[in-house]
Amino acid sequence: MQRKSWATRAASHMLAVLLLLCAGIAHAQRVEGDRAGASGPYEAEVAVRNQGDAERNAGFGRALAAVLAKVTGDRGAAQRPGVREELGKAGDYVAGYDYRQDEGVSSSGAPSFQTTLVARFKPDDVDQLVQMLGLPAWPLPRPKPVLWLAINDGSGPRLVGLGQVNAARAILDQAKARGFALGLPGGNAAEQAAVGAIWRGDTGAIAGLSRKYSPPMQLIGKLQRGTGGWVADWTLVDKGKTLSSWQTKHADARRAMVGGADGAADALFKRYARAGSGGPSGTYRVRILGVDSADDYMRLAGYLDDLSIVRQVRPVLALPGELQLDLELATGISSFARLVDRGGVLSTISTGGGPGKDGDPATAPGVASFRLGG
């Protein structure tokens, strides 16, 4: 009986693995002591309540939003036009996933457990999504600023060097979550003595000490106790030029520290990111072929209404089998064309006028042309 029970369990396990593989998403198998974790720009971790299908799919959406923020450098990427629909289909972009159980202590002192979903996405598919939606791109490789952080907990300011890496863990981890990395100085005697320069905001002195590190970019921060919590003042310096200065406050020193990574990421994104390739937002004249009935029109209207990059639709001209519209788009016509070509409702004939394809008539200059029916 025991042997039969083992065989039944083994067969059930094998069936589950086969189903996962057939679904195109690999649920990684862990071994004793192996800890699941995200690494690289195309992986992310999100907290989930359980391992059920609905919770996992919702987690995929949040994880993809985090990956898009890392890949583009824009922490508001999930709010850009067209992204919301793709987050709802995040499972299509998943290459594999795993779970991790994190143990902690609640406010009452009792043990607490948090389930974390670790999702790994297909890099090529994510890159195509970024291009399709015309999202901005923060090119790789990205700079690795040296973090010159001084902390004063009441006993005087001290430099955080490599030997105190755990004290800076919160900001180092947040930098990785935003798609870049921070380095720490070695912490020799001369660097320890630079705490005074950090405290008085002498960026030139810190830049001089940083010459032996590459690149010539520094994130300078001083963290100290303030009224009701912690206050951190930050300055990001690139080749001797101040890119940005900001302040963060929080009751938790780690949360105040995290703001340094976020501010640096925002400044680097603003400085180095390239605009998306989807074209500028605006109103575009389009013609839709294959609109032969009221049902066709209702199908088209419903489809356009569901596209978040379409802000407004204004009918212009109706001809036999053809409808011309003015579409107010949140991005360019190229992004619109790439988006609709992924579905089965519209297919692109031309995005800027000129000869049609597959026997379709030529398009008037400046008028994009599409066909209803895929």
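Predicted model: local features only at pLDDT ≥ 70, side-chain atom pairs only at ≥ 80, totals over all residues.
Helix α4 spans residues 123-132, and its buried residues are V126, L129, V130 and M132. Viewed along the axis of α4, these residues fall within an arc of 165°, so they line one face of the helix. An α-helix has 3.6 residues a turn, so residues three or four places apart point the same way. The face of α4 turned away from the buried side carries the exposed residues D124 and Q128. After α4 comes G134, with a positive phi near 65°.

The largest nonpolar core comprises 53 residues, and those with the most contacts inside it are L68, F336, L346 and F370. Helix α2 (residues 53-72) supplies the largest share of this core, 7 residues. Apart from it lies another core, of 30 residues, which includes F180, L182, A232 and A253.

Aromatic rings also pair in this model, and the count comes to 5 aromatic pairs. Y97 and Y99 form an edge-to-face pair, 5.9 Å centre to centre with 85° between the planes; both Y97 and Y99 are buried. The ring centres of F336 and F370 lie 5.2 Å apart and their planes meet at 90°, so this pair is edge-to-face. The pair links distant parts of the chain, with F336 in helix α11 and F370 in strand β14 (residues 368-372), 34 residues apart. F336 and F370 are both buried.

How values were computed: Residues numbered from 1 in each chain as written. Heavy atoms only, no water. Core = buried A, V, L, I, M, F, W, Y, C linked by side-chain atoms within 4.5 Å. Buried < 20%, exposed > 50% of the residue type's maximum accessible area, 1.4 Å probe, protein only. Helix = DSSP H or I, 4+ residues; strand = E, 2+ residues; numbered from the N terminus. Arc of directions from axis to C-beta. Phe/Tyr/Trp six-rings, centres within 6.5 Å; stacked < 30°, edge-to-face > 60°.
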